[in-house]
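Here is a protein model to explore. Take a look at the structure first, and then we'll walk through it together.

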Amino acid sequence: MSVRYKKSEELLERSLKTIPLGSQTFSKSKTALPFGVSPYFVAHAKGSRFWDVDGNEYIDYVNGLACVTLGYCDPDVDAAVKSQMESGVTFSIPHTLEMEIAELLVDLIPCAEKVRFAKNGSDVTSGAIRVARAVTGRNRIAVCGYHGWQDWYIGSTSRDLGVPPVVKNLTHAFKFNDLPSLEAILDAHSEEFAAVILEPMNSTYPANGFLEGVQALCRKHGALLVFDETITGFRYAKGGAQQEFGVTPDLATFGKGIANGYPLSALVGKAEYMNVVEEIFFSGTFGGETLSLAAAGAVIKKISREPVIETLKIRGEQILDGVNRVIADGAMSEILSISGHPTWSFLQFKAANGFSALEIKTLFLQEVFRRGIYTLGTHNLSYAHSSADVDALLNCYSEVFSLLKTAITTGNLKSRLECEPLVPLFTVR
Ligand SMILES: Cc1ncc(COP(=O)(O)O)c(C=O)c1O
């Protein structure tokens, strides 16, 4: 039992008795957080920081897995939610907030003419696939990136336990920035694809013409183009990655940052396709829950009123430049690199001197957590991150990267680990 994470570890032991993995979310569980060197339970959070149950403070670069875009306890969001709470949460007939927030989305997002709200990203990516299948009368789906936990997507990954083969066989994965990989699957099952769904970007920028090429292939093959903007939405640009990259899909899905941590997601798209939502079944008790809609209203208004996106980009550039400088100064490019969009960037760990990338990442996590930086290797920025927060990240990296290099070159990495190394999980990006 570690001293620093004593309460976390005791609580994890208790939690595991009633909760599989001790967490509702894979990436917040012991599968992602090495035992002995990680916090497992949060006490509270504010702005860019959280405190664990042992009283350790962290600058948070995970931000609720990229759903907290303004910062924890944002005063405008809190005020909107408190005010709505005074008059009720979920009702027996629709509340006007549903159309008010839908109207804001239609104003901001290029492809949005109609909107259906739900709770999780997985709800709306699944809704998009249902719409595409209903519109086209076809069954096959092409996927690229991560799209949630439901059968139609997760069956295409190695974590497919419990998914019927008959469902799994309808989903085909293609590679980002690799049009021939998409063309090959579309050609192999001509006139059978309902949709092509992809994250318009995650760790790599779309190559020149890639998104346009995907769109052209969709048109040629009669499949709908769906952008999964669960993370890129309300982060890359006010209107999402589709606005940033100038390619307008037929449908798009939003979630995460839309309501700064309140559970809300949205399927949006062209009316000619979204109208079929009246014919299919995509409906839920909590789709019109008003605290999350009020939170979304506050987020969207703040993004429109203040330089939120611009600030995320400035801080993110500071991270990209700073990390590249630390890597270059320490001649560490054999071990580490960074890529992605300024507002959502990714560290890559490379196997070196007989150590696996996961062993190196485990030592990284041990050392950054210890120094009060919470990252899993990505930097999901929020408006609450200050320039000083980024300096603290870079100072931490400067120490930790050089410690990694020494551990790798001297060959004593394993003896520095105070935990078992992480084990490989399924990869989705
Ligand atoms: C791009 C993308 N799509 C869909 C999802 C699923 O969203 P949720 O976990 O809210 O169901 C995620 C979640 O990480 C995501 O990153």
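## A walk through the model

Val-323 touches Ile-338, Leu-347, Leu-394, Tyr-397 and Phe-401, leaving aside residues up to four places away in sequence; touching here means contact, with heavy atoms within 4.5 Å. Before going on, note that this is a predicted model, where local features need pLDDT of at least 70 and side-chain atom pairs count only at pLDDT 80 or more, while totals for chains, interfaces and linings use all residues. Residues are numbered from 1 along each chain as its sequence is written, and side-chain values use heavy atoms, with hydrogens and water left out.

**The cores**

Where does Val-323 belong? Val-323 is among the residues with the most contacts inside the largest nonpolar core, along with Ile-360, Phe-364, Phe-369, Tyr-397 and Phe-401, and this core has 55 residues. A nonpolar core is a set of buried Ala, Val, Leu, Ile, Met, Phe, Trp, Tyr and Cys residues joined through side-chain atoms within 4.5 Å. Buried means under 20% relative accessible area, exposed means over 50%, and partly exposed is in between (1.4 Å probe, protein chains only). Among the elements giving two or more residues to this core are helix H13 (308-329), helix H14 (357-370) and strand E11 (336-341). H15 gives the most to it, with 11 residues. Helices (H or I, at least four residues) and strands (E, at least two) are DSSP runs, numbered from the N terminus. Another core, of 50 residues, lies apart from this one, and its members include Leu-182, Cys-218, Ile-300 and Val-308.

**Rings**

How many aromatic pairs does the structure hold? There are 17 aromatic pairs. Rings of Phe, Tyr and Trp (its six-membered ring) pair if their centres lie within 6.5 Å, and planes under 30 degrees apart count as stacked, over 60 as edge-to-face and the rest as tilted. Here are two stacked pairs:

| Pair | Centre to centre | Angle between planes |
|---|---|---|
| Phe-35 and Tyr-40 | 6.1 Å | 25° |
| Phe-50 and Tyr-58 | 4.8 Å | 20° |

Phe-35 is partly exposed, at 44% relative accessible area, whereas Tyr-40 is buried, at 11%. Phe-50 is buried at 9%, and Tyr-58 is buried too, at 0%. Phe-50 and Tyr-58 also form one aromatic cluster with Phe-369 and Tyr-374.

**Around the ligand**

Which residues surround the ligand? They are Asn-120, Gly-121, Ser-122, Tyr-146, His-147, Gly-148, Glu-199, Asp-228, Thr-230, Ile-231, Lys-256 and Arg-429. Some of them put a polar side-chain atom by a ligand oxygen atom: Ser-122 at 2.6 Å, Lys-256 at 2.8 Å and Arg-429 at 3.0 Å. A polar contact is a pair of N or O atoms within 3.5 Å; within protein, one must be able to donate a hydrogen and the other to accept it, and residues adjacent in sequence count only if both atoms are side-chain atoms.

Most residues other than glycine have a negative phi. Lys-256, though not a glycine, has a positive phi of about 35°. Lys-256 lies in the loop between strand E9 (251-254) and strand E10 (265-269), and is partly exposed at 27% relative accessibility. Leu-65 isn't a glycine either, yet has a positive phi of about 60°. Leu-65 is found in helix H2 (residues 63-66) and is buried, with a relative accessible area of 17%.

Notes:
A residue is near a molecule or strand if one of its heavy atoms lies within 4 Å of it.
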